[in-house]
Structure formats: structure tokens, C-alpha cells
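Open the model in your viewer and keep the selection panel at hand. The stops below say what to select and what is there.

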There are 2 protein chains.
Amino acid sequence: MTEEEQSRGRLAGAEPGPPAPPELECKNDYAGVEDPESTAGGISSSLEQPLLKRSTTLTASHLALVGAKVSHIESLDYEIIENDLFKHDWRSRSSVEVLQYIFLKWAMAFLVGLLTGVIASLINLANENIAGLKMLQMVNLVRQGRYWAGFFYFAGVNLGLTFVAAVLCVVFAPTAAGPGIPEIKAYLNGIDTPNMFGAPQLIVKIIGSICAVSSGMDLGKEGPLVHIGACLANLLSQGGEGRWRLRLRWLRYFNNDRDRRDLITCGASSGVCAAFRSPVGGVLFALEEVATWWRSALLWRTFFSTATVVVVLRGFIEVCRDGRCGMFGEGGLIIFDVSDVTVRYHVGDLLPVTLVGVLGGVLGALYNHVLHQVLRLYNLINAKGRLAKLALALSVCSFTSAGLYVLPFAVPCTRCDPAFAAGEQCPTVGQSGNFKQFNCPDGYYNDLASLLHATNVDATRNIFSTGTAGEFRLDSLLIFFAIYCVLGLVTFGIAVPSGLFLPIILMGSAYGRILALLLARVVRIDHGLYAVLGAAALMSGSMRMTVSLCVIFLELTNNLLLLPITMFVLLIAKTVGDAFNPSIYEIILDLKGLPFLEAKPEPWMKDLTVGELAAAKPRAVALQVVEKVSAVVEVLRSTPHNGFPVLDRPRPGVSELHGLVLRSHLMAVLRKRWFLAEKRRTEEWEARERFSSAELAEKAGGSVDEVRLTPEEMDMYIDLHPFTNTTPYTVVETMSVAKAVVLFRTCALRHMLIIPKFQGPEISPIVGILTRQDLRAHNILGAFPHLANKRKVH
Amino acid sequence: MTEEEQSRGRLAGAEPGPPAPPELECKNDYAGVEDPESTAGGISSSLEQPLLKRSTTLTASHLALVGAKVSHIESLDYEIIENDLFKHDWRSRSSVEVLQYIFLKWAMAFLVGLLTGVIASLINLANENIAGLKMLQMVNLVRQGRYWAGFFYFAGVNLGLTFVAAVLCVVFAPTAAGPGIPEIKAYLNGIDTPNMFGAPQLIVKIIGSICAVSSGMDLGKEGPLVHIGACLANLLSQGGEGRWRLRLRWLRYFNNDRDRRDLITCGASSGVCAAFRSPVGGVLFALEEVATWWRSALLWRTFFSTATVVVVLRGFIEVCRDGRCGMFGEGGLIIFDVSDVTVRYHVGDLLPVTLVGVLGGVLGALYNHVLHQVLRLYNLINAKGRLAKLALALSVCSFTSAGLYVLPFAVPCTRCDPAFAAGEQCPTVGQSGNFKQFNCPDGYYNDLASLLHATNVDATRNIFSTGTAGEFRLDSLLIFFAIYCVLGLVTFGIAVPSGLFLPIILMGSAYGRILALLLARVVRIDHGLYAVLGAAALMSGSMRMTVSLCVIFLELTNNLLLLPITMFVLLIAKTVGDAFNPSIYEIILDLKGLPFLEAKPEPWMKDLTVGELAAAKPRAVALQVVEKVSAVVEVLRSTPHNGFPVLDRPRPGVSELHGLVLRSHLMAVLRKRWFLAEKRRTEEWEARERFSSAELAEKAGGSVDEVRLTPEEMDMYIDLHPFTNTTPYTVVETMSVAKAVVLFRTCALRHMLIIPKFQGPEISPIVGILTRQDLRAHNILGAFPHLANKRKVH
């Protein structure tokens with residue numbers, strides 16, 4: 001231990017920690033590393049430094065995307081912790097309390113659905129009205145020939161809205177920027193990003209999303225809605241910061257990571273359901289894309305939540321049916337309803353449809369690649385501070401406003417043709433419609449204005465519209481595609497709540513429609529359907545989802561006959577995309593440095609044993625089952641680990657593994673000063689008198705230095721028996737890493753203890769501790785580069 | 001060891017086994033029990049008898065439902081077995097072989113979908129034509145007034161068809177009777193029912209299903225199609241009996257339970273997809289109802305299979321479009337298409353819809369209860385032999401034929417009213433139609449004949465038909481409901497391939513339509529939609545599925561607006577049904593005695609440790625890592641276990657756990673006579689020279705007595721090092737059973753070793769072995785009755 005560390009680690013008001021007593025001799029022999037980036041104190045001793053470094057792939061900051069300051073990432077505890085206190089707790093639960101618990105679980109799922117539905121309705125209402133009024137005013141100015149006034153009005157309102165959204169994000173909740181889906185995915189994989197699912201994030205996300213979407217930028221409300229659902233779920237289950245927690249006695253059973261995980265899954269599917277009004281799609285999205293662990297019971301509970309959302313949305317539409325909600329029709333909800341279109345396709349159509357899929361996969365992969373580069377650039381900009389973030393957001397907004405306003409002037413007007421505009425008014429002025437007059441004379445419409453001077457949702461509906469083969473000119477569509485490709489790349493990384501779904505849908509539908517025009521001679525399928533297929537292909541090529549996207553598109557288009565062809569396109573696009581790069585969410589997870597655990601171990605992991613892996617790490621720090629207070633303090637201060645093996649000495653000279661104790665439980669003991677004057681084992685009731693299981697379940701954070709102990713207290717003892725999880729998951733040192741990864745991931749572990757193959761008096765009972773970071777492929781390859789070479793040779 | 005056992009266990013041509021040598025002294029100390037019912041030899045020594053008996057709940061036979069003789073049930077090995085031979089195998093795989101493997105996995109999924117689709121098409125074609133011709137002829141006879149001739153013709157054809165189906169089932173493949181879904185569910189849970197997924201079962205299921213469905217009995221082809229899909233998948237991945245196996249070198253990598261599990265999941269979802277033409281529903285059915293372990297990658301692969309099925313079915317419909325397939329229209333495929341119906345419902349409709357759900361739940365639970373009793377009775381009858389089975393099947397067929405033929409005469413004729421029969425011909429003669437003339441004069445139709453004198457699929461389509469509020473009379477519907485309730489209860493357990501979906505749909509739709517007539521004054525929803533909701537409610541009340549049923553109904557009705565209301569009904573019916581009894585599949589699993597492991601541990605399992613559980617069992621039989629041949633033979637002969645702990649003696653007097661060896665690997669060693677003259681550890685290459693990993697992966701069944709060994713050979717040694725899985729999953733004895741169950745189930749284990757909390761020279765390194773049977777709630781309660789009492793007190 002270096003001098004520097006000793007001095008930095010000194011207890012306030014206490015003399016420097018005494019040299020380790022004999023009981024502690026094992027302490028420095030081992031040093032298991034859990035979440036090395038959580039070295040809040042900044043330990044510099046090389047002994048404590050992990051050999052396996054955190055992923056250095058792309059960036060060193062773990063929230064690099066928008067550069068938010070986050071204290072540290074924690075892993076979640078999904079394991080059943082079997083210590084005396086928790087055991088007593090569940091034994092003493094009455095059946096009334098069990099019923100209470102079950103009832104509450106369902107009530108929570110209901111509440112999550114209800115609130116998500118209400119909030120989604122309000123966001124839609126606000127968006128449609130704000131954007132609608134803005135458009136109306138702007139078009140009026142254009143009709144009067146006041147082009148410059150129209151531009152400044154349009155750009156000014158947009159900048160104002162963006163400013164509000166960006167300021168909220170930058171000042172109050174930096175983590176509310178972006179879609180939030182990668183962080184939810186990481187949470188459900190077992191990684192707790194702090195300040196992600198709290199009340200400030202919820203509020204900023206709601207207001208920010210309304211402003212950002214209304215400002216006409218190329219971003220969707222879909223991702224943010226998923227995040228809103230997850231925030232609601234987390235707040236209801238008492239996650240997040242202490243001051244926002246509900247302090248109901250009833251809720252105390254929810255104070256564990258497992259129940260919170262289930263509820264956040266419900267929240268995420270409710271969000272998708274609210275975004276697309278797609279209940280089954282929401283459930284499948286949570287299953288396919290977001291959740292890491294899935295139980296059959298969860299299927300039912302998420303389904304219940306999404307059913308609630310749908311009922312709320314339906315009620316909302318009923319209320320707004322007769323124009324009682326301003327400019328809000330059914331607008332923000334069903335994106336495109338093609339249920340009345342008879343879809344006919346034959347084997348001969350397979351070829352062009354395959355083309356849509358293949359090109360969609362290539363474009364999606366290309367989009368992922370370029371977006372990755374743009375995000376790395378934006379990271380550098382965003383890292384420069386709040387003003388830089390704000391400036392970036394406002395520049396993107398200015399660019400968007402200019403593009404959207406100016407481009408429609410570049411295309412000629414088209415004469416209204418009653419053949420396409422069957423039943424629809426042509427041209428329309430002001431109100432949302434398929435044939436915007438804009439700057440054209442009567443009887444003519446500006447097709448690009450129909451697409452650009454509309455909310456994104458309206459634009460999608462227009463471009464998807466069926467039976468309108470000649471409505472859009474090729475040059476207009478090319479311009480539309482080009483501008484939205486650029487906007488889709490530059491908008492995502494700015495500091496406002498933004499979703500990825502809508503930008504990709506817009507790009508994809510334009511691409512599909514362009515392809516339809518180009519293939520017009522060989523294609524008999526409706527152009528609107530091509531737009532749908534193009535959107536599906538690009539989504540699949542970028543996000544690499546299949547079943548959930550298919551169902552979302554099914555529920556969006558409300559036409560089941562499209563299903564087989566959509567499946568076909570999605571599968572092709574995903575296969576093609578996978579040949580190039582990982583999905584966009586994986587890229588973002590990697591950019592953010594979140595230690596996501598993949599489901600499948602790499603093949604070369606079979607060639608490495610966990611024992612070899614543990615040998616490459618500093619050895620684990622262990623505690624004795626009755627330990628000196630000073631030793632516990634020293635261990636807590638000098639290591640960042642969150643779990644410590646506890647050793648026992650049943651006979652002199654023999655050391656056995658007793659279990660694993662969590663840092664948070666040690667902190668709770670120190671805070672309560674539950675110390676013993678002499679070294680003895682306590683009775684079970686002694687601990688139970690002082691500690692409730694609910695208290696222990698709380699995540700006691702904070703630094704050990706906050707607890708001020710007198711020298712007398714430092715000389716006392718702590719009995720760890722009541723707090724030690726006596727049944728941690730263990731593996732023998734000869735197990736291959738591949739098998740260990742499967743165990744770690746399927747059982748959702750945080751710590752995995754490695755025990756020696758053969759035990760004996762002279763052999764330590766514990767070889768090491770493995771955590772999430774140690775089992776990530778990238779980290780292992782860093783420590784064992786020869787495995788990577790081997791991989792290539794094969 | 002008793003005298004009797006010694007004599008029975010004597011080796012042919014060898015002297016009675018010598019007394020256990022000193023190395024073997026641990027052998028009788030432990031006796032871990034795995035699948036006690038697999039005691040093929042019938043061991044009588046009480047020492048070897050399991051204390052935890054197999055579930056004695058309902059019946060002692062594990063295939064009691066149709067009384068098939070099955071040799072034994074085996075558990076499946078999903079664990080990654082890490083022994084020297086397998087390790088060397090995967091290390092030596094080239095990247096070409098890995099690509100081959102990936103390509104083959106996809107090709108298999110494609111083939112499963114393709115073949116399932118083709119077979120489903122052929123079954124539909126055959127059904128529609130056979131049943132159609134039969135009906136046509138019968139109606140002609142009735143029109144001529146030859147009522148008795150009509151009856152005998154009708155009953156004769158039905159009896160003939162049933163006879164074929166039943167004889168095939170009884171003689172060639174008894175396990176092909178019934179739907180097969182519970183066995184697939186059990187397989188994917190890790191229970192291998194032998195003779196379940198082989199070629200005889202496949203062929204009998206196809207022909208039997210065609211005959212049984214065409215015979216007009218109240219059974220569906222849906223369950224059998226799922227079984228057909230699973231059989232195809234199993235055969236393609238070389239499961240089943242040896243003589244049916246594909247002997248391609250390429251396929252050798254599929255010779256493991258894990259890949260077979262994935263492919264059978266694909267097969268099951270393809271089957272559902274083929275039955276309902278519901279690709280997403282098929283995937284979700286596999287996920288919700290059938291599969292125990294689910295990976296995200298599986299979602300994509302099953303989706304690919306179902307997409308293939310849909311394309312095949314679509315091609316088939318195209319081919320048959322212009323009447324080129326006899327009487328087959330689109331008949332057998334889309335059950336009811338209500339996409340052109342505008343569904344309007346409001347908050348006020350919630351009350352009657354709730355009623356549909358609640359009553360559906362109650363009726364579903366009641367159906368489960370009564371069917372359970374009927375099946376127990378049928379078990380007794382079927383157990384009497386082949387003739388009894390045949391007689392039962394023919395009696396049920398006679399009863400069905402009489403009921404279907406006679407009942408339409410009991411209702412008066414109805415005048416054709418152009419108001420309902422909009423666009424449809426009324427009355428129709430012969431061909432399938434909504435308004436059958438049958439015995440009525442011109443201008444009149446017999447509404448009950450429209451329902452009863454049609455294939456089940458046509459009957460469903462008629463009863464679901466929309467805009468026909470007055471078509472069916474209340475008394476006709478009541479008769480229909482009553483007869484199908486009786487038929488649905490008596491038909492299921494007979495020895496022909498039979499599905500449960502269609503009988504429940506028929507009952508449910510009748511119940512819904514009756515409710516619609518009764519509530520006609522307060523209800524504004526279309527009567528056909530009520531029939532759909534009634535069917536959904538009864539399905540959910542009996543089968544307790546939600547999301548998958550919802551999607552299947554969505555894809556059947558082709559109307560997305562029905563989705564929220566269907567979800568609502570399904571959730572209510574499931575909740576109500578769950579209050580009474582378990583789902584029908586769980587009841588059948590229980591009746592068949594299949595040791596299904598539930599996902600959730602019981603609450604009282606937290607109060608018991610695995611150590612206590614192991615103490616209630618005979619101790620595990622262990623082997624030394626270099627063991628005498630005679631000792632191995634003795635252990636194999638005297639115990640039915642499938643896995644044995646292997647102990648090592650690194651130092652004199654010290655015994656350590658080396659790993660676990662499988663019975664099949666020991667048998668392989670005995671068969672190859674890979675014996676050592678002296679007691680030594682072999683080099684790695686020695687075993688590799690004699691054994692290929694592909695050979696070891698084969699399930700070497702058979703009795704140890706088949707291997708004839710000379711006395712000299714019996715005195716030689718076996719080195720178990722190359723065969724021992726050195727990294728079996730272990731848990732400490734203090735772990736609660738609840739936590740162990742979670743580990744066992746999430747990691748899909750077959751054996752779980754219990755190690756002592758503290759090790760030492762005088763302590764045995766292994767406390768016991770836990771298997772599936774030991775962790776079943778029912779078995780534990782048998783050994784620890786006080787836990788059950790405790791449960792009640794709480």
C-alpha cells in the first residue's frame with residue numbers, strides 16, 4: 001500500500017489506519033474487481049488496479065454520447081441473497097402480505113400502462129397543436145407572398161422550441177437526451193446507469209420531447225416514450241433518487257432489483273405501445289430488443305400494461321373525435337392505415353421485393369456506420385460543456401428549418417389530378433393534407449411541401465398513402481430522401497430527447513417510393529406499399545429487429561395480407577445488415593461504454609478457464625466472518641468492489657469459504673455502529689433487533705469516509721454472519737469461460753466466486769471473483785491477446 | 001446387497017461379481033437418484049430405492065392418457081459437457097466447419113417450415129375432399145328421402161375412417177394419439193418421452209389426422225400439426241430411433257440435445273402457423289406455451305420457419321385458386337375473415353364483453369375439470385388393451401355420427417330471408433354454404449344442418465359469419481352447444497390423433513352466439529363477433545394463453561380493430577380460470593406423469609436447504625477416477641442413475657470431487673473395451689485414438705448385461721479422466737431449494753451436485769446429487785409433509 005494512498009484514505013478525525021492485523025493477512029492477497037470504473041476515490045495503487053481494463057474500444061467516458069456527468073455505473077443484484085436477515089424476513093411474511101404483494105404487482109403494471117397512455121396522449125395533443133398552429137401561420141405568410149417573414153417566423157419558433165428542449169436537457173437532466181432505449185436495454189441486462197430513470201428525467205423528457213418534436217426537427221417521440229414508460233415504472237417501484245421515492249409501507253416488498261426489472265420491462269413495452277398504438281408489438285419489442293431475461297409470467301404482465309395503454313388511447317381518441325382537442329384529429333396515433341387496400345402480390349413480385357430488402361440492409365448498415373462516426377464527432381463537441389451542447393442543438397435546428405422551408409421552392413408545382421386525389425381535397429391550404437398548395441397557384445400543389453411542411457407523422461402518412469402512384473415527382477422524392485438522410489445523421493446526437501424510429505421510417509419510406517418509381521414498369525404493387533416495405537427494410541437494416549418490427553408494422557398498417565411480404569423483407573434486410581456491422585443500439589451501447597453482456601459466448605471462450613482468467617486479475621480481497629472494524633473500513637476504503645468473499649476458520653489453520661457480503665450491507669453495519677466489544681459470533685436475534693430487511697434492501701450508497709468512527713470503535717469487531725449470503729454461485733476453476741458466461745448471464749449474476757478444484761489446508765478456499773466486466777469478450781481479449789489471434793487463424 | 005440381486009445381476013458367462021474392492025468402498029455409501037422410474041431392471045434392494053418417489057398424484061403410468069407402453073422417460077442433457085474429448089473436438093473445429101454448422105442450422109429451420117407447410121397443405125386438401133364428398137353423397141340421399149340409407153352411409157364412412165385412424169394409432173404408434181402438445185412441452189422442459197418424435201409417429205399422425213378429421217368427429221388438426229412439425233424437426237436433427245436417422249457426416253454437429261431443442265421449437269411454431277396460417281401467432285405460441293428456455297436468436301429462427309410455412313401455404317392457395325384441387329377452396333386455411341366488418345364498440349359495451357370473459361373463464365375451468373375426470377376414466381378403459389382402445393374409438397365415432405345426423409331433423413325449417421343472406425345463395429344444396437337446405441322445402445333452410453353437416457372448419461366459419469344476427473335460432477344454437485360440449489368431452493381421450501383447439505373454438509363460438517341472442521336488447525356488437533369473443537374466452541379459460549391466442553385470433557379474423565377487445569376478454573377469462581384449476585395442458589402433463597419443472601419455485605421451498613433434501617435420499621453412488629471394470633459394471637447394473645460423481649485421490653487419505661460421468665459414456669467405454677491392465681492415468685491422445693466425440697454424443701442406451709466381459713477384463717481398470725465432465729454445476733448444501741430450483745431450471749440442468757459447506761479430510765467431498773425428480777414440489781412435499789402444513793398455516 002503506497003504512502004499516498006494511506007494519506008488520502010485517512011479517516012477524518014481518526015489516526016491513520018493501523019497496519020493490517022494478523023486476521024487480515026488475506027486481504028491484500030486477493031483483489032476481485034467489480035466495475036473498475038466505479039473507482040470514485042481514484043485508487044492509484046497498481047495492486048488495486050484491474051488488469052482487465054474496461055472496454056477501451058471507442059471512448060473512455062461511459063456516457064459519452066451526450067457527455068452527461070454520471071457518478072458511476074453499478075451492476076444490479078438479481079440474485080436471491082440468502083442471509084439470515086432476509087431468510088427471517090420471508091419466513092415471517094403472512095399470506096395476507098403475499099396477497100398484498102401480488103395485488104400490488106398487478107396494480108403497478110396497470111398504473112404504468114395508465115400513466116404512459118395519458119402522458120402519450122398529452123404529448124400527441126401538444127405536438128399536433130403547437131406544430132399545427134406554427135405551420136398554419138407560416139403558410140399564411142407564404143400565401144401573402146411574405147417569404148422572408150415566413151422564414152423568420154418558422155425558424156424563430158423552431159429555434160425557440162429547440163432552445164427550451166435543449167436547456168432543459170443540458171441543465172436539469174443530461175441523461176434525458178437521446179432516446180434512452182440503450183440505457184433501458186443496459187438496465188435490463190443488469191447495468192444501472194445512475195440518474196437515468198428519476199423524476200427529473202421524466203419531466204424533462206416529457207416537456208423536451210414536446211418541444212423537440214414540435215420544432216420540426218428530424219426526430220421522433222417513440223424512443224422518448226419508451227424512456228418515459230421506464231421512468232414511470234422505476235419511480236413507482238421506488239427506484240431512482242431517495243428524495244423522489246414513495247414512502248408507502250406497502251411498497252417495501254418492491255425494494256429489490258428483480259421486481260423493478262419486471263416493472264421496467266412493462267414500462268418499456270407500454271412506451272412502444274403508446275408510440276405506435278401497437279400492443280402486441282410493444283410486448284414483442286420488449287422481448288426481442290430490450291429485455292435480457294424473460295419469463296412467461298412477464299409476457300402476461302407486459303401484455304396487461306399495453307392493453308391498458310391501448311384502452312387509454314382509444315378513450316382519448318373518442319374524446320377528441322369531434323374536434324374538441326384543437327388541431328388534433330386521430331393524427332398523432334395511427335400512422336398509416338391501409339386496411340382498405342387490397343394487396344395482391346404474386347411470385348413474380350418476389351424479385352423487386354428482394355431488392356427492397358437487400359438495399360434496405362445495405363443502406364441500414366451504411367446509416368449505422370456513418371451515424372457512428374457522427375456520434376463520435378458530436379461526443380467531442382458535447383464534451384466541451386453546456387454552451388457547446390446548446391450551440392450544437394441550435395445549429396442543427398437552424399439547418400433543419402432552413403432546409404425544410406427553402407427546398408419546396410425548388411420544385412415546380414404539379415397540377416391537381418382527380419385520378420389520384422380521389423375524394424381528397426386538392427390543393428389544401430393550411431390544414432394538414434396530402435396536396436399542399438403552398439406557393440402554387442390554384443389548382444396546383446407543391447408535392448415537396450406536402451412532405452416537408454407537415455409534422456413528421458403527417459409526412460409519413462402522406463408518403464405512405466396508397467393509390468397515389470403519380471402524386472410525388474421523382475425529383476421531389478430524391479430531394480426529400482437526401483435532406484432526410486442528412487438530417488437523420490446530424491440530428492440524433494444533439495442534447496434533446498430524440499427517437500430514432502421516425503427518422504429511419506421517413507428515410508426508408510422515401511427510399512421505397514423512389515424505388516417504386518424507378519421500377520414502375522416491372523412493379524405492380526402499389527407505391528404506398530413500397531414505401532411501407534422500404535421503411536421496414538431500413539428499420540430492420542439498422543435496428544436488426546424482426547418479429548417486433550413485423551408486428552409493429554402490422555398494427556400500423558392494419559393490413560394482415562402485408563404480413564408475409566413484410567416478414568420476407570425484414571429477414572433479408574437483417575441478414576444483409578448483420579453482414580456489415582452490429583445494430584444501431586449495440587453501437588450506441590458500445591459508444592456509451594456500457595458493459596453489456598451478450599447472450600452467446602464467443603467460440604474462443606471455450607479455450608480459457610475461469611481459473612486462468614482469475615489469475616490474470618489482482619486477487620480478491622476477502623474478509624473474515626468476524627472481522628475487526630478497522631479492517632472492514634480499510635477494505636471498503638481501499639477497494640471499489642461491491643462484494644467481498646467471507647472466510648471462516650472452523651478449525652485453527654483451516655480457512656473455508658463462508659459466503660459473500662455486499663458493500664451496501666457493510667456500509668449499513670458501519671452506519672448503525674453495530675459493533676462487538678469482543679470477537680464472538682452473535683445470536684440471530686441480535687442482528688434482527690437492529691436491522692430490518694427493508695433497510696438492508698435499500699441501496700446504501702455513499703463513501704465510507706462519511707462514517708466517522710472513534711479509535712475505540714475501530715478496535716471493535718463486526719460479526720458478518722447475519723449479513724453474509726451463504727449461498728453465492730460458485731464455479732470450479734477448471735470451468736471454461738464459455739460455460740461460466742452462460743451461467744452468469746442466464747442466472748443474472750453480479751458476482752461469481754471461483755473455488756479451487758482441490759481443496760486443502762494449504763490452499764486458499766477462493767480463487768477469485770468474476771464480475772460482468774471480467775466476462776466481457778473485449779476485456780478478456782485485452783488480457784489474452786493470443787486468443788484473438790487464434791480466432792483469426794481458425 | 002441381497003442374494004437375489006446378485007443372482008439377477010450376474011454377468012452371462014462371468015462369475016458372480018466379486019465383493020467390492022477397497023477402492024470401491026464409497027460406492028454403496030451414496031446413491032443419488034435420477035429418474036427413479038427408469039428402473040428398467042427392477043431393482044429391489046431398499047438401499048437403491050429412492051426415498052423421494054415419483055409423483056403419485058393421479059396415475060402411476062407415465063403415459064396413462066392413451067396407455068401406450070413406453071420403456072422409460074429420460075431427462076435431456078442441455079449442459080455443456082466439458083470433458084477432454086469434447087474439449088478437443090471443439091478446439092479442432094475449423095472455421096469452415098463452423099460456417100457449415102451455421103448454414104445447416106438455417107437450412108434445417110427452412111426445411112422444417114417447408115415440409116410442415118407442404119404436409120399441412122396435403123392434410124387440408126385430403127380433409128376437404130374426403131369430408132366434402134361424404135357430405136355431398138349423404139345430402140343427396142336425404143334429398144331423395146332415403147333417410148335410413150343416408151344415415152348408414154354417413155355412419156359407415158365415418159366408422160371406416162375412424163377405424164383406419166385408430167388401428168394405425170393402436171398398432172404402430174400409440175404415442176401418436178392425442179395432440180402431442182404436452183409431450184412437446186415436456187421435451188422442451190427437458191423430458192425425453194421415447195417413441196414420441198420418430199418416423200412412425202410422423203406417418204401415423206399424418207394419415208391418422210386426415211382420417212380422424214374427415215370422419216366428422218369433434219377434433220381438430222391443429223394439435224397434430226404441431227406434433228408433425230416437431231417430429232419433422234426431430235428427424236432432421238437425427239433424433240428418434242437409430243434406424244430412421246440420417247447418416248450424413250455434415251449432420252454430426254447436431255447430435256446434441258441443445259440444437260435439437262431449438263429445432264423442435266421451430267417445428268412446434270411451424271405447426272401452429274400451418275394450422276391457423278398465423279406466423280406471428282405460431283412464434284408466440286411456442287414462446288408462451290411450449291418453450292421453457294428462450295433465447296432472442298430463437299425468436300428469429302422460429303420466425304424464419306413460420307415465414308416459410310406461410311409462403312408455402314400461400315403458394316398452395318394460388319395453385320388451388322381455380323378449383324384445381326377438387327372441393328378445396330381456401331377452405332381449410334383461413335377460418336374466418338372479418339376484415340371487411342367495421343367494428344364499432346364503445347365504453348358501454350364493456351359490460352357484456354366482461355360477461356363473455358367471466359363466463360368463458362368459468363366454463364373453461366369447468367371443461368378442464370370434467371375433461372380431467374373423463375380422461376381418468378378413459379385411462380382405465382385404454383389400459384385394458386388394443387381392442388378396448390379400438391372399441392372406445394369406434395363407440396365415440398358412432399355416437400358422434402348419430403348425433404350429427406339426427407339432430408338437424410329435430411329443428412324446424414327457417415324461411416330464407418334476403419336480409420341476412422345478402423349476396424349468399426339460400427338455400428344451398430350439397431356444397432358447403434351458410435344456408436343448407438337439407439330436409440327442408442325450397443326457400444327454406446335448416447340452420448342446425450348448416451352447422452352440423454359441415455366440416456368443423458366450415459361450421460366455425462358459418463357460426464362466425466357476420467351480419468347474420470337472425471340466421472341461427474336460439475334452440476338450434478343450444479342444441480349445437482350441448483352436443484359439442486358432450487362431444488368435446490368424450491372425444492379427446494380416444495386413440496386417434498386429435499387436437500383440442502377446434503372443439504374448444506366450436507363450443508366457445510356457440511356459447512358466444514347464444515349470449516349474443518340472449519343479450520340482444522342491450523348489445524350492439526355483431527353476433528359473429530360475439531362468437532369470436534366467446535371462442536377466445538373459452539380458449540383462454542381452458543388453455544390459459546393470452547398473447548399468443550390474441551395474435552392467433554388477430555391473424556384469423558384479419559381485423560385489427562378487434563384487438564383491444566380480444567385482449568380484454570382473454571385477460572379476464574385467464575384470470576377467472578386460474579382461480580379454479582391449472583390449464584388443460586398442465587392437467588394432461590400431470591395425468592401422463594411427466595415430471596415437468598415449473599418456472600417459479602414454491603414459497604415454502606425457501607425453508608428447506610438442498611442439504612436436507614439430499615439427506616432424505618439414499619446417498620449418491622460415486623466412482624473413482626481410475627476404477628476397476630468390475631466396479632463400474634456393478635454400479636451400472638445395480639443403479640438406474642444416469643450420472644455418477646467421480647472422485648479423485650490426489651493425496652492418500654484425501655478424497656476430492658473430480659467431476660461427473662454420464663452412464664452413456666461409461667457404456668461406450670465398456671462396449672469398446674477400452675481397459676487398462678494396470679491402474680494408471682492415461683495420456684490424452686490414448687482415448688482420442690479410440691473415441692470420437694461424435695460417438696460419445698450418441699445416446700448409447702442398452703443394458704450393461706449386453707456387454708459380455710471375461711473375468712480377466714473384469715479385473716482390469718478404466719481411466720475416467722477423458723470422459724469426466726470436470727465442471728458440473730455445484731451448489732453448497734446450505735442453499736435453499738428455491739434458489740437451487742431457479743438455477744436448475746434457468747440453466748437447464750440434468751444433474752446438480754451438492755458439495756459440503758466445509759471440506760476436510762474426514763468429510764466426503766460430495767453431499768448428493770439432485771435431479772429433476774428431486775426438485776419437483778410434489779415429490780418434496782411427499783418427503784417433507786410438514787412443509788405442506790406450514791404452507792397452509794401461512
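**Before you start**

This is a predicted model: local features need pLDDT of at least 70, side-chain atom pairs count only at pLDDT 80 or more, and totals for chains, interfaces and linings use all residues. Residues are numbered from 1 along each chain as its sequence is written, and chains are lettered from A and ligands numbered from 1 in the order in which they are written.

**Stop 1: chain A**

Select chain A and colour by secondary structure. Chain A has 29 helices and 12 strands. These are DSSP runs, numbered from the N terminus: helices are H or I with at least four residues, strands are E with at least two. Of the 794 residues in chain A, 58% are buried. A residue is buried if 20 or more other C-beta atoms lie within 10 Å of its own, exposed if 12 or fewer, and partly exposed in between, with C-beta atoms placed from the backbone. Now think about contacts: two residues are in contact if their C-beta atoms, placed from the backbone, lie within 7 Å. Among contacts in chain A with a separation of 6 or more, 80% join residues 24 or more positions apart.

**Stop 2: the axis**

**Stop 3: the interface**

Select the side of chain A that touches chain B. Here 56 residues of chain A are in contact with 57 residues of chain B. The elements of chain A giving two or more residues are α2 (84-91), α9 (279-290), α10 (296-320), α18 (547-557), α19 (563-578), β10 (730-732) and α27 (737-746). The largest share, nine residues, comes from α10(A). By class, this side of chain A has 33 nonpolar, 13 polar and 10 charged residues. Ala, Val, Leu, Ile, Met, Phe, Trp, Tyr, Cys and Pro count as nonpolar, Asp, Glu, Lys and Arg as charged, and the others, Gly among them, as polar. The copies meet through the same surface, because 96% of the interface residues of chain A are also interface residues in chain B.

**Stop 4: α19(A) on α10(B)**

Stay at the interface and select this helix pair. α19(A) and α10(B) pack at an angle of about 135 degrees, with their axes 10 Å apart. Axes are lines fitted to C-alpha atoms, for helices over the stretch in contact, and angles run from 0 to 180 degrees between N-to-C directions. The two helices are therefore oblique to each other. Angles under 35 degrees count as roughly parallel, over 145 as roughly antiparallel, 65 to 115 as roughly perpendicular and the rest as oblique. Show the side chains: A:P564, A:M567, A:F568 and A:L571 meet B:F303, B:F304, B:A307, B:V310, B:V311 and B:R314.

**Stop 5: α18(B)**

Select residues 547-557 of chain B. Helix α18(B) is mostly covered, with 11 of its 11 residues buried. Both chains take part: the cover includes α9 and α10 of chain A, together with α8 (257-276), α9, α17 (527-543) and α19 of chain B.

**Stop 6: α3(B) and α4(B)**

Select residues 95-143 and 147-172 of chain B, which are α3(B) and α4(B). Their axes come within 7 Å and cross at roughly 165 degrees. That makes α3(B) roughly antiparallel to α4(B). B:K134, B:Q137, B:M138, B:L141 and B:V142 in α3(B) meet residues of α4(B) including B:Y147, B:Y153 and B:F154.

**Stop 7: single residues**

Select A:S401, in helix α12 (386-406) of chain A. A:S401 is buried, with 22 other C-beta atoms within 10 Å. Beyond its neighbours within four places in sequence, A:S401 is in contact with A:F154, A:A155, A:N158 and A:G216. The C-alpha atoms of A:S401 and A:G216 are 7.4 Å apart, although 185 residues separate them along the chain.

End at A:R673, in the loop between α23 (663-672) and α24 (684-690) of chain A. A:R673 is not a glycine, yet has a positive phi of about 55 degrees. In chain B, B:R673 has a positive phi of about 50 degrees.
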